Amino acid sequence: MKYGQISFRDVRREWRIYVVVGAAEILGGLLGVAYGFHHFLFMNFWIGGVVALVPGMILGMVWHFSRTAERKESTASIWLLGLIGAGLLVMAVGFMIPRLRTEMQNLATISQFDQASIRRIEVFDGDGKTEVLRITDPSIIADFARSISDAIGHSPNHPQYSHSWYVRASGSALHEFELHLDPEFPDSVIGYFVVKSGNSTSSYGSFKSRGLRRWVEAHLS
């Protein structure tokens, strides 16, 4: 084999590595689902599979190179698999896992909202530019905190929203949300945890709340 080329023959010769890596990823994915790190099932499976890829690669290479006939060369396909595994692991550990942890922490925060920490709720249009409502009434603020506390994780799939608002709940801390009405979920509000900075908006997870629907219909619709 020439350097930098990968042939089916090389891949077939290294079948032990691929079998062990595949089995490790499936097992890791199932363990990720069982652990339930995130509300989205696929992300649990993906994270578990990626974390299991490296030990699977190591065990597969040990098995592969323990064969006398396979000790002489390390083909480009092995290096490519190793680079892909390392890249996925870096992305998972450096970006995906911290982001998913933040999303779950956000859900935990609103499930136990301290209404006393909120002194003002500002509601803007969907673009976040025009203020449409400002609430300082403690009873309405308390109702908002109670209503949103039933929120559960939600992963929108090509949503079509009929109404949208940007909401700032401020006091001892600032909480920013995008709230949407989706005809597909007529009894709920779809929300996003966001951080706005100038004209840019960063999203840190999404949720669905049945309790908040009543509040939105009473004060925003």
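Colleague: In which helix does W15 lie?
Modeller: W15 lies in helix 2 (residues 15-35); helices are DSSP runs of H or I with at least four residues, strands are runs of E with at least two, and both are numbered from the N terminus. This is a predicted model, where local features need pLDDT of at least 70, side-chain atom pairs count only at pLDDT 80 or more, and totals for chains, interfaces and linings use all residues. Residues are numbered from 1 along each chain as its sequence is written, and side-chain values use heavy atoms, with hydrogens and water left out.

Colleague: Why does W15 count as partly exposed?
Modeller: Its relative accessibility is 39%. Buried means under 20% relative accessible area and exposed over 50%, with partly exposed in between (1.4 Å probe, protein chains only). W15 therefore counts as partly exposed.

Colleague: Why is strand 1 called largely enclosed?
Modeller: Strand 1 (residues 118-124) has seven residues, and five of them are buried, so the rest of the structure largely encloses it.

Colleague: What makes strand 1 and strand 4 a pair?
Modeller: Two strands pair if DSSP finds at least two bridges between them. Six bridges join strand 1 to strand 4 (residues 163-171), and the two run antiparallel. In strand 4, V167 is the bridge partner of V123.

Colleague: How do you know that strand 1 pairs with strand 2?
Modeller: Four bridges link strand 1 to strand 2 (residues 131-135), in the antiparallel sense. F124 stands opposite E131 in strand 2. The hairpin of these strands has six residues between them, and G128 takes a positive phi near 75° there.
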